[in-house]
Amino acid sequence: MMNRSIFFLLLIPFLGFSQDTLDFDSSFLMGKKEGLISKNLGLLPQVEMAFLEMQKAARKDSIELKIVSSFRSYAAQKRIWNRKYLRFTNEGLSPEKAITKIIEYSTIPGTSRHHWGTEIDVVDAQPLVEGDVLLEEHFHDSGPYVKLGRWLTENAATYGFELVYTKDRSRKGFFYEPWHYSYSALSVGFLSTYLKEKLIDKIAIDSSLQGNSYLSKPFMDRYLEENIKGISTQLKD
Ligand SMILES: [Zn+2]
């Protein structure tokens with residue numbers, strides 16, 4: 001079943017991508033170029049349109065999709081990284097262990113999919129949840145987001161969104177994130193450019209990045225294989 005608005009939405013990424021493809025260069029892919037991102041929801045305009053369609057559909061099923069996190073700049077990701085690094089090392093972890101703990105859920109600045117304007121961390125605004133909303137347990141058993149999780153599993157792909165960090169045991173890298181969806185019509189191409197341009201090699205040379213001397217070439221190679229490529233097969237070309 002495909003109504004007219006969905007058909008139109010499926011066309012947009014192809015139109016948008018061919019127009020803007022030159023703007024999606026390495027500084028954009030590393031979160032250092034914010035101009036293309038819509039200020040409204042922190043997404044690329046075509047992703048925002050697709051999200052609003054999905055939000056409208058979810059509303060009919062009594063789910064109020066609320067974006068908790070969308071675009072994050074390199075600078076913002078670095079603040080998150082540095083804060084966690086200092087906290088974990090102050091708690092007594094070695095630099096290596098602190099980095100291993102950070103990359104359970106957080107990315108090294110310059111490697112986040114949230115730099116692309118194609119990614120959303122999404123919850124249901126209806127059941128009010130205290131404290132950290134992005135916890136796996138909220139999406140299972142009798143958690144507040146069980147209905148949301150089921151709805152997204154069944155419907156997100158219709159609007160172009162795919163789960164990134166799936167519950168697949170053969171997948172390495174970041175832990176399962178039932179809240180993180182990606183607009184695949186754009187992000188598949190972004191990832192393949194990211195890999196082709198070897199942007200990972202440009203990361204560690206930021207002296208204001210805490211622990212950067214531990215981001216060795218072997219470490220970064222493994223991070224690339226396990227974390228950056230450790231995503232749903234739906235998001236790889
Ligand atoms: Zn996320």
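This report describes the fold, overall dimensions and nonpolar cores of a predicted protein model.

## Fold

The protein contains 8 helices and 4 strands. Along the sequence these elements follow the order α-α-α-β-α-α-β-α-β-β-α-α. The radius of gyration is 18 Å, close to the 18 Å that the globule rule gives for 237 residues, so the protein is as compact as a globular protein of that length.

## Dimensions and contacts

The C-alpha trace spans about 55 × 45 × 35 Å along its principal axes. Of the 237 residues, 35% are buried. Among contacts between residues at least 6 apart in sequence, 73% join residues at least 24 apart.

## The largest nonpolar core

The largest nonpolar core has 41 residues. Leu29, Val47, Ala50, Met54, Tyr181 and Phe190 have the most contacts inside this core. At least two core residues come from each of the following elements: helices H2 (26-29), H3 (45-60), H6 (146-155) and H7 (184-196), and strands S2 (119-124), S3 (161-163) and S4 (180-183). H3 gives the largest share, 6 residues.

Leu29 can be followed individually. With neighbours within four places in sequence left aside, Leu29 is in contact with Phe24, His115, Trp116, Phe190, Thr193, Tyr194 and Leu199. One of these partners, Phe190, is also listed with Leu29 among the residues with the most contacts inside the core.

## Another core

Note on methods:
Residues numbered from 1 in each chain as written. Predicted model: local features only at pLDDT ≥ 70, side-chain atom pairs only at ≥ 80, totals over all residues. Rg over C-alpha atoms; globule rule 2.2 N^0.38 Å. Buried ≥ 20, exposed ≤ 12 C-beta atoms within 10 Å, placed from the backbone. Contact = placed C-beta atoms within 7 Å. Core = buried A, V, L, I, M, F, W, Y, C linked by C-beta atoms within 7 Å.
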